[in-house]
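These entries record what I looked up in the structure shown below. I began with the contacts and then turned to the fold, the strands, the pocket and the backbone.

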Amino acid sequence: MRIVTTSEITAEAFAPYGEVLAAPATNPRQDQAGRIQNARPAARANLALVRSDPFDRLMPLRRLEQHRHSNQTFLPLSVEAYLVVVAPDRDGSPDEDRVRAFRVPGHIGINYRAGAWHAHMMTLREPGVFAMLVHEDGTEADCSFAPIAPLTLALP
């Protein structure tokens, strides 16, 4: 089984997949903190609450997902820390040779760009809740899944 070691998330390392959403450095707010994408006029914004389980209950990881037409934003509401698994696209599928995993502190959100391959949300130790924003129209085009060779995550 493949093992992917997690690293601490940085804006630079995560940039190919989206934006890291951290508190503004100056008052009062940070506009355009993440790029909102919706390529389908009939798709509506869906603000959902998502409960996530600790990663050790969800291993091995066997698939990644992609929202081809919309960004997907996760803002932790009651989360100590969580793990993000991403992969670049290779001919319409995740590039399994370039899977990356990041540890994210619970006070930082993430915004996946449209088309970024990623795993479901996984907390580090305890279950947690996220606010999630994505544009959906209720069709199969909302989310694509791709199987991957089983992998597990190792913490540094």
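**Entry 1: contacts and overall form.** I looked up the contacts between residues at least 6 apart in sequence, and 85% of them join residues at least 24 apart; contact means heavy atoms within 4.5 Å. I note that this is a predicted model, in which local features need pLDDT of at least 70, side-chain atom pairs count only at pLDDT 80 or more, and totals for chains, interfaces and linings use all residues. Residues are numbered from 1 along each chain as its sequence is written, and side-chain values use heavy atoms, with hydrogens and water left out.

I find one helix and 15 strands in the protein. Helices (H or I, at least four residues) and strands (E, at least two) are DSSP runs, numbered from the N terminus. The radius of gyration is 15 Å, which agrees with the value near 15 Å for a compact globule of 156 residues; it is taken over C-alpha atoms, and the globule rule is 2.2 Å times the number of residues to the power 0.38. Along the principal axes, the C-alpha atoms fill a box of roughly 45 × 35 × 25 Å. I read 47% of the 156 residues as buried, where buried means under 20% relative accessible area, exposed over 50%, and partly exposed in between (1.4 Å probe, protein chains only).

**Entry 2: the partners of β6.** I followed strand β6 (residues 72-78) to strand β11 (residues 109-112), with which β6 pairs in the antiparallel sense over three bridges. Two strands pair if DSSP finds at least two bridges between them. Thr73 has Asn111 as its bridge partner in β11. Strand β14 (residues 128-136) also runs antiparallel to β6, joined by six bridges, and there Leu75 has Ala131 as its bridge partner.

**Entry 3: the largest pocket.** I then asked which residues lie nearest the centre of the largest pocket. They are Glu65, His67, Gln72, His120 and Phe145, out of 19 lining residues. The elements giving two or more residues to this lining are β4 (44-52), β5 (61-66), β6 and β14. On a 1 Å grid over the protein atoms alone, a pocket is an open set of points where a 1.4 Å probe fits, with protein on both sides within 12 Å along at least five of seven lines; lining residues have an atom within 4 Å of a point.

The volume of the largest pocket is about 230 Å³, meaning the space filled by probe spheres set on the points, which are joined across faces, edges and corners.

**Entry 4: Leu83.** I located Leu83 in strand β7 (residues 81-87). Leu83 counts as buried because its relative accessibility is 1%. Beyond neighbours within four places in sequence, its contacts include Thr6, Phe55, Phe102, Met122 and Leu155. Leu83 and Val104 are 21 residues apart in sequence and 6.0 Å apart in space, C-alpha to C-alpha.

**Entry 5: backbone details.** I found a cis peptide bond from Asn27 to Pro28, with omega near -10°; Pro28 is in the loop between β3 (18-21) and β4. The bond from Met59 to Pro60 is cis, with omega near 0°, and Pro60 is in the loop between β4 and β5.

Gln32, not a glycine, has a positive phi of about 55° and is exposed at 75% relative accessibility. Asp91, not a glycine, has a positive phi of about 60° and lies in the loop between β8 (89-90) and β9 (93-94).
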